[in-house]
Amino acid sequence: MPEEVRITTVTELALDWDGVVSDGPVVGSLLLSSPVSRADLATVLTGETWSEEQPDDPNTWCFDHEGTGFAAHYLPTPIPDDEAQQGMHPIYCGDNEAIRQYSSTLVLASTPALDSLEAEEDPFEARVTHMDATATVIDQLCRLPQAVGVFMVETATTYAAELFGEQVHPEGDLYPGPFYAPVRLRPLSEGRWEAWSCGLAALGIPEVQVVDSSWDPTELFEYLSSVVDHELAGNLIMANQTVGRTPEEKLPTSWQHWLLDPEVPALQITTG
């Protein structure tokens, strides 16, 4: 067999990554304070068609929402290893006591229709349509009185249920960055921060990040979130272009390995 050809530079990695859109399922978990049933789900879900042939498992329920198939599985336990608690987003969740104490989980999994993946539809738009359908269903499920939070597996991010529809996936927002690619910050030495997006790569876009910044953390979060929104709108920034908060500001960019995974490329912005 011929020797595997490996990408050797981060630039090659970034250029190869462009346009590689995930076609896997979108998996989210509703964090619950008490058990739910299929009847509970039916009280908040609108426009769904329930499958006539339900699985043998009495805690799994299948339905369709606008062409996207879903399976919801109830687990009487929290997600193992405190993953949901560790993923609490400081802006969209905060230190949420209800999430720290949640007792059970509703796992929601959806898969794009095979015909939409095989058609000549733009992969980015197909993925966005699929994720939007998932977010719409999650938003409806957040109206359950038992719902306290949402954990998205792909981005390892936890949101408060009461903020999901308002801030994370507001109605009418075409490409909501907080849902598709939330931004996280981490303190370094005193007064220095690093920040990164998580989720752009699944849409065929290199992640964005800032390393060792002296900016105020709120300003850094808001700026990198605006860059994510810019990228999601189709305005892709290439390395060696300059960016900034004003026309006068010229912040350099470069391709680097993503802070969370060296196999994933990231557009790194140098803020100083």
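Leaving aside neighbours within four places in sequence, which residues is Ser213 in contact with?

## Ser213 and its surroundings

This is a predicted model. Ser213 is in contact with Gly191, Arg192, Trp193, Leu220, Thr271 and Gly272, leaving aside its neighbours within four places in sequence. Ser213 sits in strand S10, residues 207-213. Its relative accessible area is 0%, so Ser213 is buried. One of the contacts is polar: the side chains of Ser213 and Thr271 meet at 2.7 Å.

## The seven-stranded sheet

Seven strands form an open sheet. Their order is S2-S3-S4-S5-S1-S6-S7, and the pairing is antiparallel. Strand S2 (49-50) and strand S7 (157-160) are the edges. Each has a single partner strand, so one side of each lacks a neighbour in the sheet.

Strand S4 (residues 68-75) and strand S5 (residues 104-111) pair antiparallel over 7 bridges. Here Phe70 has Ser110 of S5 as its bridge partner. S1 and S5 also run antiparallel, joined by 7 bridges. Val27 has Ala109 of S5 as its bridge partner. S1 and S6 are antiparallel too, with 5 bridges between them. Leu31 stands opposite Gly149 in S6. Of the 7 residues of S1, 6 are buried, so the strand is largely enclosed by the rest of the structure.

## Helices on the sheet

Helix H6 covers residues 123-141. It lies across strand S1 (26-32), S3, S4, S5 and strand S6 (147-152). Its direction is at about 155° to S5. The 19 residues of H6 should span 27 Å at 1.5 Å a residue, and the end C-alpha atoms are 27 Å apart, so the two agree. Asp122 caps the N-terminal end of H6. A side-chain oxygen of Asp122 lies 3.1 Å from the backbone nitrogen of Phe124.

Helix H7 (residues 161-168) also packs on the sheet. H7 touches S6 and S7, and its direction makes about 95° with that of S7.

## Nonpolar cores

The largest nonpolar core holds 60 residues. Leu30, Leu41, Leu106, Leu141 and Phe164 touch the most other members. H6 gives the most to this core, with 8 residues. Apart from it lies another core, of 9 residues; Ile79, Ala84, Met88 and Phe151 are among them.

Which residues does Leu106 contact, leaving aside its neighbours within four places in sequence? They are Gly28, Ser29, Leu30, Leu32, Val36, Leu41, Trp61, Ala72, His73, Tyr74 and Leu141.

## His65: a buried histidine

Is His65 buried or exposed? Its relative accessibility is 4%, so His65 counts as buried. Residues under 20% fall in that class. His65 belongs to strand S3, residues 60-65. Not counting residues up to four places away in sequence, His65 touches Thr46, Glu48, Phe70, Ala133, Thr136 and Val137.

## Arg100: a partly exposed arginine

Arg100 lies in helix H4, residues 97-100. Its relative accessible area is 40%, so Arg100 is partly exposed. The class runs between 20% and 50%.

Arg100 touches Gln85, Met88 and Asp95, not counting residues up to four places away in sequence. With Asp95 there is a polar contact between side chains, at 2.6 Å. Arg100 and Val148 are 48 residues apart along the chain. Their C-alpha atoms are separated by 9.8 Å.

## Helix H9

Helix H9 (residues 217-232) has 16 residues. From first C-alpha to last it reaches 22 Å, close to the 22 Å expected at 1.5 Å a residue. Asp216 caps its N-terminal end. A side-chain oxygen of Asp216 lies 3.0 Å from the backbone nitrogen of Thr218. After H9 comes Gly234, with a positive phi near 95°.

Which residues of H9 are buried? They are Leu220, Phe221, Tyr223, Leu224, Ser225, Val227, Val228, Glu231 and Leu232. These buried residues pack against H6, helix H8 (177-180), strand S8 (183-187), strand S9 (193-197), S10 and strand S12 (261-269). Leu220 is also one of the residues in contact with Ser213.

Technical notes: Residues are numbered from 1 along each chain as its sequence is written. This is a predicted model: local features need pLDDT of at least 70, side-chain atom pairs count only at pLDDT 80 or more; totals for chains, interfaces and linings use all residues. Side-chain values use heavy atoms; hydrogens and water are left out. Helices (H or I, at least four residues) and strands (E, at least two) are DSSP runs, numbered from the N terminus. The expected span of a helix is 1.5 Å times one less than its number of residues. A polar contact is a pair of N or O atoms within 3.5 Å; within protein, one must be able to donate a hydrogen and the other to accept it, and residues adjacent in sequence count only if both atoms are side-chain atoms. A nonpolar core is a set of buried Ala, Val, Leu, Ile, Met, Phe, Trp, Tyr and Cys residues joined through side-chain atoms within 4.5 Å. Buried means under 20% relative accessible area, exposed over 50%, partly exposed in between (1.4 Å probe, protein chains only). Contact means heavy atoms within 4.5 Å. Two strands pair if DSSP finds at least two bridges between them. Axes are lines fitted to C-alpha atoms, for helices over the stretch in contact, and angles run from 0 to 180 degrees between N-to-C directions.
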